[in-house]
Amino acid sequence: MTNLQGNWIWYELLTGDADAAADFYASVAGWHPRPAQQPEVDYRFFWSRAGEDPADGVGGFMAINDEMAQQGLKPGWLGYLAVEDVDRTVTAITEAGGSVLMPALDMEGVGRMALVADPQGAAFYVMRGASDETSHAFAKHKPKMGHCAWNELATSDPAAAWGFYGPLFGWSKQGELDMGPMGTYEFIASDALIGAIMPTTPDQPATGWTFYFRVPDITAAAEAVRQAGGSVLVEPMEIPGGDFSLVARDPDGAVFGLVGAKS
């Protein structure tokens, strides 16, 4: 894996109905679902374009089985952060006040990974990939249609979040935006600008990551969300640079973001 420590390298949807999720995101984000062909597991991929090019991989999705449900997993999106050493990182996470939701394990041909949470409860994966190829799931240097464009953490304690993620993943603050009563929106820099940290609000009280995927037209995407049975939680709003973003919920309850131009 050539991605640097602290890079977002993959996104994963847990859902109650994989077939319905495939149809929903195909209509909203233009993704092309395809099987991962993993034995004994119905794991599937979202590709930004039809074909076999791994560079078009955006993320994966799978249905929540009984065992996962018993562990408390619910429909939602999770992100994967690249690390050089999974076990060493997991130890550092627990020492920094985080927790382990799924112990480190190896998946043949995929890599080693663990599901963890920061001290405020935001869940994410850490992973050392087995492949020498670079992940392009997050388009960090230039826009790439269908791929993740932004990674946003809403947290009950932004200062503590910086104290946790910064030393672990080499993140630093690169500017901020005053959002008035909503607090300060603080931009995250790694080897590029990758997202932001913001405080939770009464309208968004849960700590967690929201991932924004790029679409050609935000207005058309908002309508597609509604037509496909989802709901728009935050209507399209202009963001720095001239694009527009929205936050939505799919029919199974998973929250995600979209970003794009406005017609």
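Q: Why is the contact between the side chains of Asp 191 and Lys 140 called a salt bridge?
A: The term requires a side-chain nitrogen of Lys or Arg within 4 Å of a carboxyl oxygen of Asp or Glu. Here the N to O distance is 2.6 Å, so the pair qualifies. This salt bridge between Asp 191 and Lys 140 links distant parts of the chain, 51 residues apart. Asp 191 sits in the loop between β11 (184-189) and β12 (193-199), and Lys 140 in the loop between β8 and β9 (148-155). The model is predicted: local features need pLDDT of at least 70, side-chain atom pairs count only at pLDDT 80 or more, and totals for chains, interfaces and linings use all residues. Residues are numbered from 1 along each chain as its sequence is written, and side-chain values use heavy atoms, without hydrogens and water.

Q: What makes Asp 191 and Lys 140 partly exposed?
A: Buried is under 20% relative accessible area, exposed is over 50%, and partly exposed is in between (1.4 Å probe, protein chains only). Asp 191 has 34%, so it is partly exposed. Lys 140, at 21%, also counts as partly exposed.

Q: What does the salt bridge between Lys 173 and Glu 186 tie together?
A: The closest N and O atoms of Lys 173 and Glu 186 are 3.1 Å apart. Lys 173 lies in strand β10 (residues 172-178) and Glu 186 in strand β11, so parts 13 residues apart in sequence are tied together. Strands are DSSP runs of E, at least two residues, and helices are runs of H or I, at least four, numbered from the N terminus.

Q: How many salt bridges does a search of the whole structure find, and which residues are linked in a network?
A: The search finds 13. Asp 19, Asp 42 and Arg 44 are linked in a network of salt bridges.

Q: What makes Leu 233, Val 234 and Met 237 a nonpolar patch?
A: Patch residues have over 30% relative accessible area and no salt bridge; nonpolar side chains (Val, Leu, Ile, Met, Phe, Trp, Tyr) are joined within 5 Å, like charges within 9 Å. Met 237, at 42%, counts as partly exposed. Met 237 belongs to strand β14 (residues 231-238). Together the three residues have about 230 Å² of accessible area (Shrake-Rupley method, 1.4 Å probe, only the protein chains shown as cover).

Q: Why is Ala 196 called buried?
A: Its relative accessible area is 0%, so Ala 196 is buried. Ala 196 lies in strand β12. Ala 196 and Trp 150 are 46 residues apart in sequence, yet 8.0 Å apart in space, C-alpha to C-alpha.

Q: What does Ala 92 count as, and why?
A: Ala 92 has 25% relative accessibility and therefore counts as partly exposed. Ala 92 is placed in helix α3 (residues 86-95). Its C-alpha atom and that of Val 116, 24 residues apart along the chain, are separated by 11 Å.
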